[in-house]
Amino acid sequence: MSLSDWIRSFWHFVSVPGCVHCKKKLSRDEEVFCPSCYSRYRNAKLRNCAQCSEILSRCTCVNDYLDTHLVHRLIKVIRYVSSLQDVPQNRLIFSLKRENREDVARFCAAELADAIRAKVENYKDFVLTYVPRRPKAKRKYGVDQAQILAEHLSALLGIPAVCALRSLAKAPQKKLSATARRKNASFMPRYGVNLSGKRVFLVDDIVTTGASMGSAAFVLRGMGAKEIVGVCFAIAYKDPYVPFEKPAYKK
Ligand SMILES: [Zn+2]
Ligand SMILES: [Zn+2]
């Protein structure tokens with residue numbers, strides 16, 4: 001553990017974190033959200049998948065892009081609602097990407113572990129790897145959130161996590177068109193990693209078009225992986241099976 005890691009853990013220990021959404025100070029037994037934001041988050045989690053009608057954390061549907069790029073099952077917890085910035089689930093995802101909060105990463109990983117246990121019977125036969133963040137972004141925010149999720153998941157599920165890929169992306173995906181994202185999202189295998197015959201969970205924080213995950217999956221297949229199941233905390237792609245996006249519940 002480096003000095004900065006020690007300082008961060010010490011700081012977290014002495015400071016009480018605030019709710020990721022409303023910033024209200026949390027009490028010792030509250031995690032990530034205050035009770036009222038947590039209940040809004042739980043309601044948002046009840047959003048159903050339009051393909052299989054299960055709630056998202058119990059559905060493994062993929063979008064067309066992933067389906068044609070070797071990822072035929074995708075575990076997810078929630079939908080990222082791009083039209084509504086200020087909702088608890090979106091704040092949680094911002095925090096995961098930018099704030100390097102241990103409690104946030106642990107919370108998201110626990111939600112994913114629950115979804116994996118429910119939907120992948122033989123999950124113990126898998127190894128975990130992740131879609132690595134652009135090196136420049138990792139330096140900027142001091143965190144690769146997909147790597148941290150994979151490490152927590154490894155501990156929670158009792159399966160190994162391997163660092164298999166290196167990112168060659170030049171620009172942030174966020175500002176690019178779908179075609180440009182596909183070009184930008186490129187990865188190369190890390191030297192000495194062998195995935196021959198392995199089943200692989202490929203972890204990312206959010207799947208927007210599937211460009212990064214799909215391109216990472218191709219490289220993993222080239223490294224010998226026999227099956228790739230995507231794992232992401234949130235999906236942001238438009239649901240092609242409903243004519244418009246509507247909230248899952250009315251307050
Ligand atoms: Zn709150
Ligand atoms: Zn579904």
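Serine 53 lies in the loop between H2 and helix H3 (64-67) of this predicted model. Its phi is near 65°, a positive value in a residue other than glycine. Serine 53 is exposed, because 8 other C-beta atoms lie within 10 Å and a residue with 12 or fewer counts as exposed.

Most residues other than glycine have a negative phi. Valine 32 also has a positive phi, of about 70°, although it is not a glycine. Valine 32 sits in the loop between helix H1 (3-14) and helix H2 (35-44). With 25 C-beta neighbours inside 10 Å, valine 32 counts as buried.

**Overall form**

The protein has 9 helices and 7 strands. Its radius of gyration is 18 Å, close to the 18 Å that the globule rule gives for 251 residues, so the protein is as compact as a globular protein of that length. Taken along the principal axes, the C-alpha atoms fill a box of roughly 50 × 50 × 35 Å. Of the 251 residues, 37% count as buried. Among contacts between residues at least 6 apart in sequence, 70% join residues at least 24 apart.

The buried residues are Pro88, Gln89, Asn90, Arg91, Leu92, Ile93, Ser95 and Leu96. What covers them includes the helices H2, H5 and H7, together with strand E2 (78-79), E6 and strand E7 (227-235).

**Helix packing**

Two packed helices are described by the angle between their axes and the distance between the axes.

| Helix pair | Axes come within | Crossing angle |
|---|---|---|
| H4 (residues 88-98) and H5 (residues 102-119) | 9 Å | roughly 120° |
| H5 and H7 | 9 Å | roughly 55° |

The axes of H4 and H5 cross at roughly 120°. That angle makes H4 oblique to H5, and the crossing of these two helices is left-handed. H4 contributes Leu92, Ser95 and Leu96 to the contact, and H5 contributes Val104, Ala105 and Cys108. By class, the contact of H4 with H5 has 5 nonpolar, 1 polar and no charged residues. Leu92, Ser95 and Leu96 of H4 are also listed among the buried residues of that helix.

For the second pair, the axes of H5 and H7 cross at roughly 55°. H5 is therefore oblique to H7, and it passes H7 in a right-handed crossing. On the H5 side the contact is made by Ala105, Arg106, Cys108, Ala109, Ala110, Leu112, Ala113 and Ile116. On the H7 side it is made by Gln145, Ile148, Leu149, His152, Leu153, Leu156 and Leu157. By class, the contact of H5 with H7 has 12 nonpolar, 2 polar and 1 charged residues. Ala105 and Cys108 of H5 take part in the contact with H4 and also in the contact with H7.

**Serine 154 in H7**

Serine 154 lies in helix H7 (residues 145-157). It is partly exposed, because 19 other C-beta atoms lie within 10 Å, whereas a residue needs 20 or more to count as buried. Leaving aside residues up to four places away in sequence, serine 154 touches Leu128, Ile159, Pro160 and Ala161. The C-alpha atoms of serine 154 and serine 4 are separated by 23 Å, and the two residues are 150 residues apart along the chain.

**Tyrosine 191**

Tyrosine 191 is found in the loop between strand E5 (187-189) and strand E6 (199-207). With 6 other C-beta atoms within 10 Å, tyrosine 191 is exposed. Tyrosine 191 and arginine 166 are 25 residues apart in sequence, and their C-alpha atoms are 9.7 Å apart in space.

Note on methods. Residues numbered from 1 in each chain as written. Chains lettered and ligands numbered in written order. Predicted model: local features only at pLDDT ≥ 70, side-chain atom pairs only at ≥ 80, totals over all residues. Helix = DSSP H or I, 4+ residues; strand = E, 2+ residues; numbered from the N terminus. Contact = placed C-beta atoms within 7 Å. Axes fitted to C-alpha atoms, helices over the stretch in contact; angles between N-to-C directions. Parallel < 35°, antiparallel > 145°, perpendicular 65-115°, else oblique. Left-handed = near helix turned anticlockwise from the far one by under 90°. Nonpolar A, V, L, I, M, F, W, Y, C, P; charged D, E, K, R; others polar. Rg over C-alpha atoms; globule rule 2.2 N^0.38 Å.
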